[in-house]
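Hi,

Here is the structure I promised to pass along. Please have a look at it first, and then read on for my notes.

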Amino acid sequence: MKTINKTLIAVFIASAMAFVGCQKQSETTDTSSEEKVANLAYVNWAEGVAYTHLAEAVLEEKMGYEVNLTMADVGPGYMAVANGTQDAFMECWPALHVDYLNEAGDKIIDLGKIYEGTVLGLVVPAYVTIDKVSELNDHIEKFDGVITGIDSGAGMMKTLKSDIIPEYDIKLKLVPSSGPAMTAALSAAIEEKEWIVVPGWKPHWMFGRWDLKVLEQDEDKMFWEAGDIHIKGRHDIGEDKPTLEAFLRNMYLTDAELSDLMVKVEDSDLSVAEVARDWMFENETVVDAWLP
């Protein structure tokens, strides 16, 4: 009887192990069958350009993904994720993008912070002899009567137009352009020691390049406060691309890390993609922590 019992037990254990093995193999097969394509939308802002190309490098080099990057204005970027044509929108500033977030509703989900400690405001070179937003009207001619803006769909531009300019009764004309056009104008003005005012934000390489200051807001007219940058995904990303979702949730850069990446992108003659790949290999401890 003991021999029979031992035999039956051995058979039972072998069967159980085979079942578990098959179950694990099935789970592995399910994960490996995930479509390894990442469709990422981003805005033409320096920080987003830098870390989105870094995401591309990690996904391609370390995770075997095919990555499709789409540069878009803020509104279309959100809508592309909401309607499922893009997997994620790489640069959500929650305080600035309230309207877009409300419009997208539950069609998008939050994938967490990629950066903490943003700073927003009207920015001037340090040699400009004003310190407050309320002092702009005292020097209209020195600023050539304009605020040199970024793309018209940006949250900062909307806040300037709807809140800050009316509340402070600013007489300067807000002129839309783009992030690169704005920094080019800033560079030209600083070279000639001319006065210029632009919407600026951290993280941005321009604060590492030039001596700048953010104009102070009045205590009763505080429209911009410190915040964070998030990644937003389509609502069902975890159903068909759980590994991609996990990676995007893990991705995070400190101020020092992102500043280093951005300055290297700006100073290099190589493409952003090449600089991002080089940075990835130089900082493998950082990026390996993002891998699911």
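**What I found**

On the surface, Asp-144, Glu-191, Glu-192 and Glu-194 come together in a patch of negative charge. A patch here takes in residues with over 30% relative accessible area and no salt bridge, joining like charges within 9 Å and nonpolar side chains (Val, Leu, Ile, Met, Phe, Trp, Tyr) within 5 Å. Asp and Glu count as negative, Lys and Arg as positive, while His and the chain ends are not counted. Each charge is placed at NZ of Lys, CZ of Arg, CG of Asp or CD of Glu. Areas come from the Shrake-Rupley method with a 1.4 Å probe, and for residues only the protein chains shown count as cover.

Before going further: this is a predicted model, in which local features need pLDDT of at least 70 and side-chain atom pairs count only at pLDDT 80 or more, whereas totals for chains, interfaces and linings use all residues. Residues are numbered from 1 along each chain as its sequence is written, and side-chain values use heavy atoms, leaving out hydrogens and water.

Helices (H or I, at least four residues) and strands (E, at least two) are DSSP runs numbered from the N terminus. Glu-191 is exposed, at 63% relative accessible area; exposed means over 50%, buried under 20%, and partly exposed in between (1.4 Å probe, protein chains only).

**Salt bridges**

Side chains of opposite charge can pair when their charged atoms come close. The whole structure holds 18 salt bridges, each being a side-chain nitrogen of Lys or Arg within 4 Å of a carboxyl oxygen of Asp or Glu.

- Lys-62 pairs with Glu-284, with the closest N and O atoms 2.6 Å apart. Lys-62 is in helix H2 and Glu-284 in helix H12 (residues 284-288), so this bridge ties together parts that are 222 residues apart in sequence. Lys-62 is partly exposed at 28% relative accessibility, and Glu-284 is partly exposed at 32%.
- Glu-245 bridges to Arg-249, at 3.2 Å between the closest N and O atoms. These two are four residues apart in helix H9 (residues 242-250), so about one helical turn separates them. Glu-245 counts as buried at 16%, whereas Arg-249 is partly exposed at 39%.
- Glu-116 and Lys-113 meet in a salt bridge of 3.2 Å, N to O.
- Asp-87, Arg-234, Asp-236, Asp-240 and Lys-241 are linked in a network of salt bridges.

**Aromatic pairs**

How many aromatic pairs does a search of the whole structure find? There are six. One of them is Trp-45 with Trp-201, a tilted pair at 6.0 Å centre to centre and 55° between the planes. Trp-45 sits in the loop between strand S1 (37-42) and helix H2 (46-63) and Trp-201 in strand S7 (residues 198-202), so the pair ties together parts 156 residues apart in sequence. Both Trp-45 and Trp-201 are buried. For reference, rings of Phe, Tyr and Trp (its six-membered ring) pair if their centres lie within 6.5 Å, with planes under 30 degrees apart called stacked, over 60 edge-to-face and the rest tilted. Ring pairs also link Tyr-78, Phe-89 and Tyr-100 into a cluster.

**And a loop residue**

Leu-172 is in the loop between helix H5 (155-168) and strand S6 (173-175), and is buried at 4% relative accessibility.

Best wishes
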